[in-house]
Amino acid sequence: MTQTQTVSQTSIPRDGNLGRRSLWNKVMLGLLVLGSAVVVLPLVVVLASVFINGLSALSLPFFTRSFEAVSEGGGGLLHAIVGTLMMNVLALLIGGLLGLAGGILLSEYPDHPLNPTLRVISDLLNGLPALLKGLVIYTVVVTATGQFSGLAGALALALVMTPIILRATEGVLKLVPWSVREAGLALGLPRWRVILSLVLPAAAAGITTGLMLGFARAAGEAAPMAFTAFGSNFVNFDMTKPTESLAYVIFKYANEPSPLRQEQAWAASLVLTLLVLVASLLARYVTRRYQ
Amino acid sequence: MNKHVLAATALLGLAGFASAQITLSGAGATFPAPLYTEYYIPNFQRANPNIRVSYQAVGSGAGIRQFTDKVVAFGASDAPLTDAQIADIRRGANNSEVLHIPTALGPVSVIYNLPGVNELRLDPAVLSDIFLGRIIRWNDRRISALNPGVNLPNLLISAAHRSDGSGTTFIFTSYLTAISEQWKSRVGAGQSVNWPAFSGLGGRGNAGVAALVNQTPGAIGYVELKYAIENDLKSATLRNAAGNWIRPSLASAVEATSGIDVPADLRLPGQVVNTRDPQGYPIVGMTWMLVYREQSVTARSIEQARAVQTFLRWILTEGQAQNERASYVRLSPDVARRALALVDSLTFNGQPLR
Amino acid sequence: MAASTPPIQNSASPLYRAFGDRLFVYAVLALCLMIIGIVVLMGWQLATGGSAALLQFGLGGFIGGTTWDPVANIFGAWPFIVGTFVTSVAALVLAFFPALAVAIFAVEYAPRWLGNVLQYSLELLASLPSVIYGLWGLLVLAPAVRGVQQNIVAWALENQVDWIIPILGSPIGIGMTTAVIVLAVMVIPYAASLAKDSIALVPSAQREASYALGATKWEVIKNAVLPYARGGILAGIILGFTRALGETMAVVMVIGNSKNLPFTLFGSATTIPSAIVNEFGEAQGLQLSSLLALGLILFVISAAMNLLAAWIVKRMSVDGRL
């Protein structure tokens, strides 16, 4: 780059309005810096709002108590934290399985006739609003079981995660050299053993990254929750019952009249932001450490 | 009955962790939500530690829908079901009867946000024209005429309404329908209507409307009295049918509701609007919990059915004392007695629960 | 692909191999078919659920209908469609230059560490949950926006420019303006990262040739880099647009949810996703069907946009031109 810059500075253009052009060059650089600042600014402002309001609202009861009446102290959001973790872990199991399978088919069986369809569908699923994923789970699962449930919530979140994990899996599996597979096959291992015992472990870091990204994305989804997990006021380990999630609590508490509820919404935002931050930092760390 | 469809997923559920307790989940109206979540449920659970009640304030419309879909132990609404709705619901529930159990009554306050204006009088014609979008500024001649000496600002009126299906909307639009021919023909009464105002604003739940009005100078909206009190919002004084200026309050709501005719099934299809009582506040509503007489429609066990009955009985007896503490009107002894008789008639698989 | 017909020496039992391989492929296929099935099911459910409304009003009548009246049981989607498109397009217009600027700056100018900072900022912006944007928009941004709007309206009233008031609408903070700002912040990372990737992919020979002709750095970017990267930039815009179309929670929390056309610049409006979130819980009968038909419209538009973006990216990766 430095070389080419020297070139541009030393070459004298024929038309002679070098001054104007160099001024224009500086103006554009200024605009680009300004534009970049405009992008970073809202991030700083949003994060600052979340941290300032959230930190002052965080307290021990927030993590140890579930819903209570405002007149009784307001309780905490233990029920939502537990619900978020349970639904997301279950969603990770389901979405991970689907995403891995999709990634394996695209990468390990590149000539399979299903692949073009799968790729288009996966991109489509990734682009479809989470709201619609909640609607389909409502019509299929909730009405069939006659109950809102954590399971339904987890299924909707799994649909959010699947295409992200699928895309990441396909990407890293393709990075595994074909020689690894050939070596395994040459040893007489069947293909499925080669994939499960050689290829997947070699790509473990990348797959973990994909799982983390999927988790981070799904943990913040509130839109499908209204039609699936619905919310509950209690710590609930039974996934067949309505379950609360942090993201949905934020939506519900945002316009509660009680200042206490708004504080809890900020605190929930902080916890959710930290969850997302940790998941994406972890994803970065894993990528950098092992690839 | 799909009760056992999820049996296969039980292994995911770690079920039985807190199985000694019975959990009742209810959903619906936000109108009585402060009464339910802040007064009824904590006090009830203190008296009955083995029953937990979860109430989700999602709006009357959603409460009715979830009651219809049989996904809650009780629904809650301040719009009574219509005959057609009841017929529909019974068709989907083995013809089980649907019971309206009244719990409380309360006035709907017309709240506003006008800095410096502490008292605002609105008569029926002006109120309906504001919500029809025919009066769009606060310093309109017709508003000033009702409020001599009040310095009304030159602000656009933002009429806040509910974005979800709402019993409070039903009560408010029933009132507007009763007082304005124009409203009756153009909009009508319902849980969610086609709001005509130029600058409309939709909020979720009573709380959402209160928050919108609270944050928005120039806004006007309607919420149950409790929400006006909790948010320190100013309420307009309305002219009732007798021509008196009445503030929304517990006392003026009691005036309006004493001696009302409540039919045998305890439904009030037109709510309590535009009372003839000279000291009565003109917009008052009753709120109900909805249950199936045959509890096996929603309850998974006889214990759960009993818990529903215990909760409703408690509300209609000891619980009534909470109503006034929470600024809601308690049921008249006669209505409470008749409601109790309905609650006592609950059955489980055909057998009476008591 | 040499390994697709691998030379296999027999060491395990043939049954184990053949059976295991076949089973594995079937399992993988079954899971993949599930993914495809779910998306097909989604479209099918929305289509069958929405068909009652579409039959009742006709496709044109439903899309073009301006009344959404649950009392009279008349449902038209036009206000929601208008609201969705206007907010999304406005958000993209607002987001376009900052997104392009950050992409150019990060690739062409920024030192490595700053490029990493910008990259991570974009990733963070993209990964923050939309309810958090909604909460921030409602409690922090809307009051600030309202202050500005009130000043503008007060100025208009003072200077007797009354004709502008019906265009501006009520200065209430919550409404179209706030929703557009929140959406713009949310779509920037989507537009920026694709633009960034495609700018980084421009071969350095392209730049060097331009420098050799005596161009300034900006002229190199304008004449040699951007034209080459325009496919990726366009795809980023389309993806950002899709994201904005389907964005639900952040919008429903700040847009004010009014269905009355015409929408004003400051006043409240509505979108397809907000309508579904607001009314799905209580809707029954024709209203429910109408909401599902709205969902179907969203599904079709999102699908078309995604396919378009994928097509553009693919075209771009082949010959770098579009």
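Predicted model: local features only at pLDDT ≥ 70, side-chain atom pairs only at ≥ 80, totals over all residues.
Helices (DSSP runs of H or I, at least four residues) and strands (runs of E, at least two) are numbered from the N terminus. The crossing of α2(A) and α4(C) is left-handed, meaning that the near helix is turned anticlockwise from the far one by less than a right angle. On the α2(A) side the contact is made by Ser36(A), Val40(A) and Leu43(A), and on the α4(C) side by Leu118(C), Ser121(C), Leu124(C) and Leu125(C); two residues are in contact if their C-beta atoms, placed from the backbone, lie within 7 Å. Five of these residues are nonpolar, two polar and none charged. Ala, Val, Leu, Ile, Met, Phe, Trp, Tyr, Cys and Pro count as nonpolar, Asp, Glu, Lys and Arg as charged, and the others, Gly among them, as polar.

The wider interface can be viewed in the same way. Here 77 residues of chain A are in contact with 83 residues of chain C. On the chain A side, α2(A) gives the most, with 19 residues. That side divides into 51 nonpolar, 19 polar and seven charged residues.

Chain C also meets chain B, where 23 residues of chain C are in contact with 28 residues of chain B. The elements of chain C that give two or more residues to this side are β1 (68–69), α5 (130–158) and α11 (272–279). Its residues comprise seven nonpolar, 13 polar and three charged.

Turning to chain C itself, there are twelve helices and two strands, in the order α-α-β-β-α-α-α-α-α-α-α-α-α-α from the N terminus. Along the principal axes, the C-alpha atoms of chain C fill a box of roughly 85 × 65 × 35 Å. Contacts between residues 24 or more positions apart make up 75% of those in chain C with a separation of 6 or more.

Residues are numbered from 1 along each chain as its sequence is written, while chains are lettered from A and ligands numbered from 1 in the order in which they are written. Local features need pLDDT of at least 70 and side-chain atom pairs count only at pLDDT 80 or more, whereas totals for chains, interfaces and linings use all residues.
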